[in-house]
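This report covers helix packing and sheet layout. Please look over the sequence and the structure before reading on.

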Amino acid sequence: MAHKLPDLPYDYSALEPAISGEIMELHHSKHHNTYVMKLNEALEKYAEAQNNNDVSAMIALQGAINFNGGGHINHSIFWTNLAPQSQGGGEPPSGALADQITKVFGSFEGLKETFSAKTALIQGSGWGWLAYCKASKSIVFKACANQDPLEASTGLIPLLGVDVWEHAYYLQYKNVRPDYLKAIWSIVNWKNIEDRYSKAII
Ligand code: MN3
């Protein structure tokens with residue numbers, strides 16, 4: 001069963017001006033699609049290695065599965081974490097999640113400031129995450145390098161992921177990652193994050 005590139009729940013240009021249509025089209029149809037294709041290739045080889053009982057070959061494929069599988073998982077979350085303003089993008093969270101944000105970060109503004117500042121500092125390529133920690137029953141910020149998938153790497157449950165690979169912003173924001181991180185709050189789909197939070201806390 002091959003993995004497939006999921007459709008975006010909005011048009012490529014629907015997140016403008018925060019993220020340009022050009023970036024969204026390349027990011028989804030080229031970058032994410034490549035992760036999906038390479039994940040499928042790696043999983044085919046993995047199945048072959050399993051058939052041959054070739055443990056060495058299976059181990060050698062772990063890196064490709066982590067990178068491309070992580071890329072597929074991360075982007076699939078990211079697209080649904082965003083929404084055009086006409087579909088609620090940028091509207092602040094409410095209910096239990098809003099209460100949790102105030103408890104942990106002082107306020108919604110405090111969360112945005114902390115998240116943006118820590119994500120801006122990620123060296124090289126990676127992702128900033130707002131996550132749920134089952135052990136502490138609390139939301140936390142976590143940075144991940146490359147395409148390391150949050151839950152498989154840390155046990156934390158992903159709520160909001162922001163991609164800070166240069167392909168996510170460079171065509172529009174050049175080297176100024178903080179400007180991208182400031183603009184993205186105008187298109188964050190807090191309804192999606194509330195849904196993820198309500199499932200995570202069960
Ligand atoms: Mn990306």
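## Terms and model

Helix axes are lines fitted to C-alpha atoms over the stretch in contact, and angles run from 0 to 180 degrees between N-to-C directions. The model is predicted.

## Helices H1 and H3

Helix H1 spans residues 21-51 and helix H3 spans residues 62-81. They pack at an angle of about 140°, and their axes lie 8 Å apart. That angle makes H1 oblique to H3. The crossing of H1 past H3 is left-handed.

On the H1 side, the contact includes Met24, His27, His28, His32, Tyr35, Lys38, Leu39 and Tyr46. On the H3 side, the residues include Gln62, Ile65, Phe67, Asn68, His72, His75, Phe78 and Trp79. By class, the contact of H1 with H3 has 12 nonpolar, 11 polar and one charged residues.

## The sheet

Three strands make an open sheet. Their order is S2-S1-S3, with antiparallel pairing. Strands S2 (138-145) and S3 (157-163) are at the edges. Each has a single partner strand, so one side of each is left without a neighbour in the sheet. Neighbouring strands are turned by 25° against each other on average, direction ignored.

Strand S1 covers residues 126-133. Six bridges join S1 to S3, and the two run antiparallel. Gly128 stands opposite Val162 in S3.

## Helices across the sheet

Helix H4 (residues 95-105) lies across S1 and S2. H4 runs at about 75° to S2. Helix H5 (residues 108-120) lies across S1, S2 and S3. H5 runs at about 140° to S1.

Terms used
Residues are numbered from 1 along each chain as its sequence is written. This is a predicted model: local features need pLDDT of at least 70, side-chain atom pairs count only at pLDDT 80 or more; totals for chains, interfaces and linings use all residues. Side-chain values use heavy atoms; hydrogens and water are left out. Helices (H or I, at least four residues) and strands (E, at least two) are DSSP runs, numbered from the N terminus. Angles under 35 degrees count as roughly parallel, over 145 as roughly antiparallel, 65 to 115 as roughly perpendicular and the rest as oblique. A crossing is left-handed if the near helix is turned anticlockwise from the far one by less than a right angle, and right-handed if clockwise. Contact means heavy atoms within 4.5 Å. Ala, Val, Leu, Ile, Met, Phe, Trp, Tyr, Cys and Pro count as nonpolar, Asp, Glu, Lys and Arg as charged, and the others, Gly among them, as polar. Two strands pair if DSSP finds at least two bridges between them.
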